[in-house]
Amino acid sequence: MLDTKYKSSYKGAMNKLPVATRAQILSMLCEGASMRSVSRLTDTSINTVSKLLEDAGRFCAGFHDVKVRGVKAKRVQVDELWSFCAAKDKNVAAMKAPVDGAGSVWTWTAIEAETKLLVSHFCGARDGECAKWFIDDMASRIVTRIQLTSDGHKAYLEAVEGAFGAGIDYAMLNKIYGASPESAKGRYSPAECIGCRKDRIEGDPDPCHVSTSYAERANLTMRMHNRRFTRLTNAFSKKFENHAHMVAIYAVWYNWIRIHKTLRVTPAMAAGLSATVIDWADIVNAMDADAPAPKRGSYKKAAEEISN
C-alpha cells in the first residue's frame with residue numbers, strides 16, 4: 001500500500017486526472033482555496049495540483065493573449081496590486097535558500113469601466129520598465145480611443161505617452177492622505193484619505209469619469225479569490241512563476257467563467273468577445289486538444305532491449 005501522502009492521482013492507464021476533477025481543482029483555486037487544501041479535498045497529490053497550476057497557467061496566458069483582442073473600450077482604469085514572493089523585501093537578504101523573484105511582486109491590471117473586462121494584466125516590479133510592458137500590452141488589445149485613469153504613479157507618464165501619444169484622453173487621480181496618528185504608525189493600514197486631485201495629462205478627459213474605483217474593487221476581488229494574495233498570513237507565493245500562472249488562471253475565470261453580479265453576464269460577453277458562458281470543463285478540454293501528441297518510442301530499440 002502506498003502512503004496516503006504519496007498516493008497516485010492517476011486513474012487506471014490514464015496519465016491525466018479526469019476532466020471533472022481538473023475542472024474542480026481550478027475552480028477551487030479561483031475561490032480562495034490553498035493548493036494543499038485543494039489537494040486534500042480532491043484526494044490528489046500536491047504535486048499533481050502544482051503541475052496542473054503550471055499547465056493551466058501557461059494555457060490561460062495564451063488564451064487571454066489570443067481572445068482579448070480588438071476590444072472596443074471607452075473608459076479604462078489601471079492600478080497595481082501588491083503582494084510578495086518567498087519573503088518580504090526586508091527579509092530577502094537574510095533568506096537561507098534564496099529564490100529568483102523573491103520580494104515584492106506587483107500585479108498591474110487594466111479594467112474597462114462599463115464591461116468590467118480585465119483587459120490586461122502583468123506581474124513584475126513597480127518601475128518604468130514594467131509600466132511600459134503593461135501599457136504597451138493594454139494598448140495592443142484596444143481598437144478605440146479611450147479615457148484612461150491611473151493613480152499618481154509617475155511611471156505611467158512615459159509609458160502612456162509612448163503607447164498612445166496624443167490619441168488618448170488621460171488623467172491622473174492623485175489621492176491626498178492626512179498624517180498618520182501615533183497609534184497607527186508601524187501598522188499596515190494606510191493613513192486616512194482626506195481628498196483627491198484630478199490632473200489632466202493628455203486629451204480631454206471627462207472629470208466625472210476620472211476614477212480608479214472599479215480597478216481598485218476588481219483588485220479587491222482578485223485578492224479575495226486568490227489565497228496567495230491574502231495579507232498577514234503565510235499564504236504567499238513561493239515561486240514567482242506560479243504567482244504569474246495563478247494570475248493568468250484567475251483572469252480567464254474572471255473574464256469568461258464568472259458571471260458578474262451587476263452585469264448578469266460575464267465581462268467577456270458584455271465586451272462582445274463571447275456569446276455564451278463557458279466553464280472550467282471547456283477550458284480543460286481545450287487544454288487537452290492543444291497539448292502536443294506524446295512521442296512514441298522506437299519499436300526496434302524496445303524489442304532489442306526485451307530480447308537481451
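Trainee: Which residues form one aromatic cluster in this structure?

Mentor: Phe59, Phe63 and Trp256 form one such cluster. Before we go further, note that this is a predicted model, in which local features need pLDDT of at least 70 and side-chain atom pairs count only at pLDDT 80 or more, while totals for chains, interfaces and linings use all residues. Residues are numbered from 1 along each chain as its sequence is written, and side-chain values use heavy atoms, with hydrogens and water left out.

Trainee: Why is the pair of Phe63 and Trp256 called edge-to-face?

Mentor: Rings of Phe, Tyr and Trp (its six-membered ring) pair if their centres lie within 6.5 Å, and planes under 30 degrees apart count as stacked, over 60 as edge-to-face and the rest as tilted. The centres of Phe63 and Trp256 are 5.3 Å apart and their planes stand at 80 degrees, so the pair is edge-to-face. The structure holds 8 aromatic pairs.

Trainee: What parts of the chain does the pair of Phe63 and Trp256 tie together?

Mentor: Phe63 lies in helix H3 (residues 46–67) and Trp256 in helix H8 (residues 240–257), so the pair ties together parts that are 193 residues apart in sequence. These helices, and the strands we shall meet, are DSSP runs numbered from the N terminus (helices H or I, at least four residues; strands E, at least two).

Trainee: Are Phe63 and Trp256 buried or exposed, and how do you know?

Mentor: Buried means under 20% relative accessible area and exposed over 50%, with partly exposed in between (1.4 Å probe, protein chains only). Phe63 has 14% and is therefore buried, and Trp256, with 5%, is buried as well.

Trainee: Which ring does Lys116 lie over, and at what distance from the ring centre?

Mentor: Lys116 lies over the face of Tyr214, at 4.4 Å from the ring centre. A charge sits over a ring if NZ of Lys or CZ of Arg is within 6 Å of the ring centre and within 35 degrees of the ring normal. The charged end of Arg126 likewise sits over the ring of Trp106, 5.0 Å from its centre.

Trainee: How do you know that S4 pairs with strand S5?

Mentor: Two strands pair if DSSP finds at least two bridges between them, and S4 and strand S5 (residues 169–177) have 4 bridges, in the parallel sense. Thr149 has Ala171 in S5 as its bridge partner. Strand S1 (residues 75–85) is joined to S4 by 3 bridges, and these two run parallel, with Val76 opposite Leu148 in S4.

Trainee: Which residues of strand S4 point one way, and which the other?

Mentor: In strand S4 (residues 147–150), Gln147 and Thr149 point one way, whereas Leu148 and Ser150 point the other way, and all are buried.
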